[in-house]
Amino acid sequence: MLGGIGYYRYNHFNQKIIINGINVGGLNAKQTLKRLQQKSASQKIYLKNKLIYQYQRSGSDFTKKDLPQIKQLIKRQWTFFPSSKQQSFLVEPSEVTKHEDNKTAATLKTKLTQENLHRQAPKDAYAVLTAGKIKTVQAQAGNKYNLQALLKQYHQQEFLPKVELTAVYLQPLKAKSRQVQHEKQKLEELSKRSVEYRVQNNKYKFSTKSNLQRVTYTNGKYKIDSTNLTDEIAKINQQDATLQKGISFKTHDGNTVQIADGGSYGWALKSERAVEHIEQALLTGKKSLDAKQDIYGVGYLTYGTGYGLSNNGIGNSYAEVSISQQHLWIYKNGQEVVSTNVVTGKHNTGEDTPKGLWYIMYKQSPSVLKGSEVGNANYSVNVKYWAQFTNSGCGFHDASWRTNWSSDAYLNNGSGGCVNTPSSVMADVYNNLSQKEAVVIY
């Protein structure tokens with residue numbers, strides 16, 4: 001009799017055994033399998049006791065192939081004396097329909113993501129260098145769910161008819177974390193660096209502490225607020241740059257005149273490029289930079305003209321044109337090499353040769369000039385020599401067709417804006433004009 005009872009208990013579950021949420025107490029392996037097949041077709045998923053998803057499976061995944069593991073579970077739970085202790089087990093069917101479980105997990109993730117839309121994400125602690133000092137901004141907790149942790153909970157219960165998820169929230173990075181300490185170390189290293197920025201003969205010192213308004217170090221990269229640097233470059237441009245600025249100019253006869261601003265000659269620092277190079281120098285520990293790589297100009301030579309030259313940036317080789325005297329002088333290395341009368345743009349029609357500071361954009365010999373002027377909407381003329389100095393098409397050229405070379409010809413019989421030069425001297429003029437050199441017109 002005792003042997004029979006022992007055999008029965010050895011092949012049946014104790015009274016309070018639960019598999020996948022289903023009571024199988026007192027059942028043998030085959031009976032257990034049948035019950036699992038009958039009652040494992042639906043699932044409800046709760047989060048914080050709130051039903052967030054209900055799932056109806058297309059059928060049970062348990063088959064006869066699962067009988068061995070059920071028998072092994074009977075042996076595992078067996079006790080010498082009958083036990084009323086409740087025990088719960090999870091059994092994964094050997095031929096589980098994975099696409100259904102994956103679909104359930106994906107749907108659950110979508111629902112949890114929607115739940116997170118109106119929740120506050122945590123804010124990590126981080127190190128920051130600001131106003132020359134390094135400080136740590138403390139972490140702030142949030143209430144966004146940790147989807148990975150919740151999905152892990154689901155997979156631990158995915159064969160239960162009722163899945164109960166415990167809320168787990170995303171946690172911020174703490175101020176004492178190794179990552180934040182590493183950020184502080186990188187900012188400490190950067191804070192000790194400075195670079196000398198040479199602009200012609202002037203030297204400007206930029207340092208991390210004084211000139212970088214705000215710096216953080218995240219994911220292996222520095223993030224820099226460039227506002228202060230941009231402001232400093234603007235100050236340098238105001239003080240040193242020559243592009244489109246008026247200048248005081250000493251004429252051929254020793255008088256000083258003010259040359260109008262707005263011309264094409266000169267250079268200025270391209271702010272974005274200068275800031276980028278200074279920042280890179282600080283990041284890499286470079287000690288000095290030449291601003292020449294950062295200059296720009298306008299017109300034909302967009303890289304700038306006159307950088308590093310004396311005489312208010314025009315140097316000692318330039319062309320000088322006086323509108324009132326209708327005369328051209330060309331200087332090479334401070335010496336006058338050409339002096340000739342010219343005829344400039346027609347004044348009475350508003351086609352005056354533009355005053356200002358320009359430069360020789362390019363030279364061509366021979367050349368065909370095409371354009372328009374008052375009274376001639378579409379002209380095309382051949383010249384032996386051409387040297388352009390404005391974007392609008394003004395330049396020096398010979399004018400074999402001109403008969404009136406008087407000093408007042410420009411008033412009513414001037415050119416369309418160019419500087420007409422006598423053919424007898426134009427070759428000499430052409431040979432002494434050089435690309436990039438200044439053309440001063442007043």
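How many bridges join strand 3 to strand 4? Six of them do, linking strand 3 (residues 42–47) to strand 4 in an antiparallel run. Before going further: this is a predicted model, where local features need pLDDT of at least 70, side-chain atom pairs count only at pLDDT 80 or more, and totals for chains, interfaces and linings use all residues. Residues are numbered from 1 along each chain as its sequence is written, and side-chain values use heavy atoms, with hydrogens and water left out. Helices (H or I, at least four residues) and strands (E, at least two) are DSSP runs, numbered from the N terminus, and two strands pair if DSSP finds at least two bridges between them.

**The 4-3-8 sheet**

- Three strands make an open sheet in the order 4-3-8, and the pairing is mixed.
- The edges belong to strand 4 (50–56) and strand 8 (162–165), each with a single partner strand, so one side of each has no neighbour in the sheet.
- On average, neighbouring strands here are turned by 15 degrees against each other, direction ignored; axes are lines fitted to C-alpha atoms, for helices over the stretch in contact, and angles run from 0 to 180 degrees between N-to-C directions.

**The 7-6-11-12 sheet**

- Another open sheet has four strands in the order 7-6-11-12, with antiparallel pairing.
- Strand 7 and strand 12 (221–225) are the edge strands, each with a single partner strand, so one side of each is left without a neighbour in the sheet.
- Neighbouring strands in this one are turned by 25 degrees on average, direction ignored.
- Strand 6 (residues 126–130) and strand 7 (residues 133–137) are joined by five bridges, with L129 partnered by I134.
- Those two strands form a hairpin with two residues between them, and A131 in the turn has a positive phi of about 50 degrees.
- Five bridges also join strand 11 (residues 214–218) to strand 12, where R214 stands opposite D225.
- Helix 6 (residues 178–191) packs on the sheet and touches strand 6, strand 7, strand 11 and strand 12; its direction makes about 20 degrees with that of strand 6.

- All five of the five residues in strand 18 (residues 318–322) are buried, meaning under 20% relative accessible area, as against exposed at over 50% and partly exposed in between (1.4 Å probe, protein chains only).
- Strand 18 pairs with strand 19 (residues 327–332) in the antiparallel sense over five bridges, and Y318 has Y331 as its partner.
- Their hairpin has four residues between the strands, and Q326 takes a positive phi near 50 degrees.
- Strand 18 also pairs with strand 28 (residues 438–441), this time in the parallel sense over four bridges, with A319 opposite V439.

**Cores**

- The largest nonpolar core has 30 residues, and those with the most contacts inside it include Y197, F206 and I278; such a core is a set of buried Ala, Val, Leu, Ile, Met, Phe, Trp, Tyr and Cys residues joined through side-chain atoms within 4.5 Å.
- Helix 9 gives the most to this core, with five residues.
- A second, separate core of 23 residues includes W358, A409, Y410 and Y430.

**R273 up close**

- R273 lies in helix 9 (residues 271–284) and is partly exposed, with a relative accessible area of 27%.
- R273 touches Q293, D294, I295 and Y296, not counting residues up to four places away in sequence.
- A polar atom of the R273 side chain lies 3.4 Å from the backbone oxygen of Q293, and the R273 side chain reaches the backbone oxygen of D294 at 3.5 Å.

How values were computed
Contact means heavy atoms within 4.5 Å. A polar contact is a pair of N or O atoms within 3.5 Å; within protein, one must be able to donate a hydrogen and the other to accept it, and residues adjacent in sequence count only if both atoms are side-chain atoms.
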